[in-house]
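Good morning, and thank you for coming. I shall present one structure today, and I ask you to keep the sequence and the model in view as I speak.

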Amino acid sequence: MNGIVIWMKLFWTFFKIGLFGFGGGYGMLSLIQNEVVEKQHWISNSEFTDIVAVSQMTPGPIGINSATYVGYKAIENTGMSRTQAIFGSLLASFSVMLPSFILMLLISAFFMRYKDHNSVQTVLKWLRPVVVGMLAAAVLLLLNEENLGGFQRDNLQLYVSIGLFALAFVATYFWKIGPIKVILLAGLFGGIFYSLI
């Protein structure tokens, strides 16, 4: 692929994701997966699953962390140098943040003035179900064989995944344990369990 084309595609892809990624980072996941795995073929489905896991564990928003990693891999996979791949990660991160930056500048100038106006309230009411739908799409996107295993492929991984999900749900919803502790405990359990089998 022509060098300038990959840079333009990288910018435009993540600019679109940033522009339509309602619901924050988790809402962006289905958009990122559709663009970079299905359309552009920059990474595989299993690599995307790994990106989601690493992006959740590293500081910062998951959408930006994912963009950083995909930008690096997209440039690296074209055969360019590591330095150029680093610039690819910077470009993807910048591109995904740029629409939010522009929109927040515009909105902040007008929102406080018109926030109680009927039209503004109507638009916000329309956006709430969209945000819930985008978050639900992110959950459904991660319910795949790479994450859970499957009855055909790996029964043990499926049962462990279901068990970890149930424990994480109980820990956060009923016992009110913070998500950081749940992530650390799940990682510790997974490391011990998979090292023993």
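Let me begin with a definition: rings of Phe, Tyr and Trp (its six-membered ring) pair if their centres lie within 6.5 Å, and planes under 30 degrees apart count as stacked, over 60 as edge-to-face and the rest as tilted. By that definition, the structure holds seven aromatic pairs.

First, the basis of what I say. This is a predicted model, in which local features need pLDDT of at least 70 and side-chain atom pairs count only at pLDDT 80 or more, while totals for chains, interfaces and linings use all residues. Residues are numbered from 1 along each chain as its sequence is written, and side-chain values use heavy atoms, with hydrogens and water left out.

Now the overall picture. The chain has nine helices and zero strands; helices (H or I, at least four residues) and strands (E, at least two) are DSSP runs, numbered from the N terminus. The C-alpha atoms fill a box of roughly 55 × 50 × 30 Å, taken along the principal axes. The accessible surface of the chain is about 12600 Å², and 71% of that belongs to carbon and sulfur atoms; such areas come from the Shrake-Rupley method with a 1.4 Å probe, and for residues only the protein chains shown count as cover.

Of the 197 residues in the chain, 29% are buried. Here buried means under 20% relative accessible area, exposed means over 50%, and partly exposed lies in between (1.4 Å probe, protein chains only). As for contacts, meaning heavy atoms within 4.5 Å, residues 24 or more positions apart account for 59% of those in the chain with a separation of 6 or more.

Which residues have the most contacts inside the largest nonpolar core? They are Phe14, Val36, Trp42 and Phe48, in a core of 25 residues. Helices α1 (3-20), α2 (24-39), α3 (45-57), α4 (62-76), α5 (82-114) and α6 (118-142) each supply at least two residues of this core. A nonpolar core is a set of buried Ala, Val, Leu, Ile, Met, Phe, Trp, Tyr and Cys residues joined through side-chain atoms within 4.5 Å.

Tryptophan 42 deserves a moment of attention. Leaving aside neighbours within four places in sequence, tryptophan 42 is in contact with Ile6, Lys9, Leu10, Thr13, Phe14, Val36, Val70, Ala74 and Asn77. The buried residues of α1 include Ile6, Leu10, Thr13 and Phe14. Histidine 41 is placed in the loop between α2 and α3, and its phi is near 60°, a positive value in a residue other than glycine. With 60% relative accessibility, histidine 41 counts as exposed.

Two helices may be checked for length, the expected span being 1.5 Å times one less than the number of residues. The 18 residues of α1 reach 26 Å from first C-alpha to last, close to the 26 Å expected. Met134, Ala138 and Leu141 are buried in α6.

I return now to the aromatic pairs. Why is the pair of phenylalanine 165 and phenylalanine 169 stacked? The ring centres are 6.5 Å apart and the planes are at 25°, so the pair counts as stacked. Both residues lie in helix α8 (residues 155-173), four residues apart, about one turn of the helix. An α-helix has 3.6 residues a turn, so residues three or four places apart point the same way. Phenylalanine 165 is exposed, at 61% relative accessibility, whereas phenylalanine 169 is partly exposed, at 41%.

Tyrosine 173 and phenylalanine 174 form an edge-to-face pair, 5.0 Å centre to centre with 90° between the planes. Tyrosine 173 is partly exposed at 49%, and phenylalanine 174 is exposed at 53%. Ring pairs link Phe165, Phe169, Tyr173 and Phe174 into a cluster.

Finally, lysine 176 lies over the face of tyrosine 173, at 5.3 Å from the ring centre; a charge sits over a ring if NZ of Lys or CZ of Arg is within 6 Å of the ring centre and within 35 degrees of the ring normal. Lysine 176 is in the loop between α8 and α9 (179-196), has a positive phi of about 60° although it is not a glycine, and counts as exposed at 64% relative accessibility.
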